[in-house]
Amino acid sequence: MRLSLPSHEIKRQQNIVQITRSFIPNKSFPILLLFSSMEPNNASSMHSHCVNITMEVHQVVPPPHKSTLKKFKARLKETFFPDDPLRQFDGQPLKRKIILGAQYVFPILQWGPNYSFKLFKSDLVSGLTIASLAIPQGISYAKLANLPPIVGLYSSFVPPLVYAVLGSSRDLAVGPVSIASLVLGSMLRQEVSPSADPVLFLHLAFTSTFFAGLFQASLGILRLGFIIDFLSKAILIGFMAGAAIIVSLQQLKSLLGITHFTNQMGLIPVMTSVFHSIHEWSWQTILMGICFLVLLLLARHISMRKPKLFWVSAGAPLVSVIISTLLVFAIKGQKHGISVIGKLHEGINPPSWNMLSFRGSHLGLVVKTGLVTGILSLTEGIAVGRTFAALKNYKVDGNKEMMAIGFMNVVGSFTSCYVTTGAFSRSAVNNNAGAKTAVSNVVMSVTVMVTLLFLMPLFQYTPNVVLGAIIVTAVIGLIDIPAALHIWRIDKFDFIVMLIAFFGVIFVSVQIGLAIAVGLSTFRILLQITRPKTVMLGKIPGSDIYRNLDHYKEAERIPGFLILSIEAPINFANITYLNERTLRWIEEEGNIKEHASLRYLILEMSAVSAIDTSGISLFKELKATLEKKGVELVLVNPLAEVIEKLKKADADNNFIRADNLFLTVGEAVASLSSAMKSQSSTTTEGPQTIVAHY
């Protein structure tokens, strides 16, 4: 917009503008000066002293040209290599590159050369501490998975050694976990009975572990870790709470001394089985279970209230095992209805690669079980590792963790181990005990090895009721009520997803409850894609800012303009909705009599990060429809990919012209408003008027 003014008037108005800016610092705003009061006899000489003032309107330009190959490489890098792991190799000599490559694959080579005796003293204490927790938990979780108790100890020996070499977390303590044990046992038990055919069940467990590890390692190698992000925090909170209740209910068999118990996992079948077996209840078992359950819960409470006393909770399970074993041995508990583990084999892990089964009718079952348990254990392990890394201000590489956990499960399947990962309870004890490096896992592994070689006969009289109490105490921490209330306050839909996961696990099954919750979350994502948020913008008085009319009540609509903001990528899935919603807004705008007739539809596109060919067709159809209504389509701030595709699709400038592209809504409204008005006279009678628009 141009105004012609005499030079002395320009100087005087510049002084006024300068004074005005001094009162409103750090603001960038256009100044609109309208003058009248020019005397007629001076009007003729005005043009000889005129100076032009131009309101600058910035142009929208396409991004610099890049070849298709460069674009593909950039997109590939951002999708699979957002952390750019190869940047450390830039400008390095060959020898240094080899060293860096070896350190990347084997993180132990990074901290190993600087390892000291001082660090070892801390790792030794923490390793022995978590071993005291890992031994009883390993036996307990193996029984939870319907596997021989010795397999739980095997799984606490080999996998920690593998993780110590490949893992990037200093605090993660590796071993069996309750959730993966429960899911593995329940899924396999649907087709094979662990009591009727224990050998086949064991074969399927090892094969499932192999597929779980293969899947986990593949995610890390192929940089596909974003797949596990489909398990949102709400899903995990609901799932773990439901699984904790199911796990606890399953322990009623041991806590009550029931011999015949249901194989189903749901709440109703379990409680029905409990009350139908009242005649099997053993008061001796119940009394012992209550005593040790109270002892373990008390120890857990003390450690939670006073973190420095972490060793109380860490050592309580092993102390309970020792005391209960001595007690049962002294009173000959088997004669009083107290069931015991029985004799366990001595020796370290026997090879099991010959037990893996990749053919037959159960192949689909083991693949499915491996995928589900692999995702669950991977999610838990990475979440735990990142939690403690954030507390100690160091970085955990998610892809390295996937490969480390995956390879340790693959190796574990060859050495009589089932699915393992980083357990939160064990890692918390490891962190509190002062672990400095992954050597704490090595110390734990060596301690378990000594137990396997020399101490197995001592567990022969360990009562199952104590193992049940240990499991109940461990899984109680998975019920996070404060987190559930926090989700309720923030997002009601997430809370519904959490409840569905919770009740699905309790009343249907573990895997179906999880699948329903994931499906509902995926549906929400699809809903957001197909129904993108689109809002109407208005101007904030006294500014050049445009915001959502429903959010900012003081925002004002501009007569003759319909300003919409699209807040999502435009693609084939949402163009129909966007077209119909936009036309409905235009129709509603035409029904508002107090507003001037609609002249411009402005689409603010700062949030439109991507567009496909179907999205391009949306603008063509929309422009054709608007032309019939006498309305012009204007685009504001289309991003690089969007403007580039629009330019390519409109080589003849048929629907996207340069004068209908703007960087900001303010510039668009100011420029188009001046175009709507006829050139006003600059020499009219009356007092001189100065209008400053901020």
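Lys392 and Asp171 form a salt bridge, with their closest N and O atoms 2.8 Å apart; the term means a side-chain nitrogen of Lys or Arg within 4 Å of a carboxyl oxygen of Asp or Glu. The model is predicted, so local features need pLDDT of at least 70 and side-chain atom pairs count only at pLDDT 80 or more, while totals for chains, interfaces and linings use all residues. Residues are numbered from 1 along each chain as its sequence is written, and side-chain values use heavy atoms, with hydrogens and water left out.

The Lys392 pair links distant parts of the chain, 221 residues apart: Lys392 is in helix α16 (residues 363-392), and Asp171 is in the loop between α8 (158-166) and β3 (174-175). Helices (H or I, at least four residues) and strands (E, at least two) are DSSP runs, numbered from the N terminus. Asp171 is buried, at 0% relative accessible area, whereas Lys392 is partly exposed at 32%. Buried means under 20% relative accessible area, exposed over 50%, and partly exposed in between (1.4 Å probe, protein chains only).

The whole structure holds six salt bridges.

| Pair | N to O distance |
|---|---|
| Lys392 and Asp171 | 2.8 Å |
| Arg584 and Glu588 | 3.4 Å |
| Lys645 and Glu641 | 3.1 Å |

Arg584 and Glu588 are about one helical turn apart because they lie four residues from each other in helix α24 (residues 575-590). Arg584 is partly exposed at 43% relative accessibility, and Glu588 is partly exposed at 36%. Lys645 and Glu641 are likewise four residues apart, in helix α26 (residues 640-649).

On the surface, Ile268, Leu499, Phe503, Phe507, Val508, Ile512 and Ile516 form a nonpolar patch with about 610 Å² of accessible area together. Patch residues have over 30% relative accessible area and no salt bridge; like charges are joined within 9 Å, nonpolar side chains (Val, Leu, Ile, Met, Phe, Trp, Tyr) within 5 Å. Areas come from the Shrake-Rupley method with a 1.4 Å probe; for residues, only the protein chains shown count as cover. Helix α22 gives the largest share, three residues.
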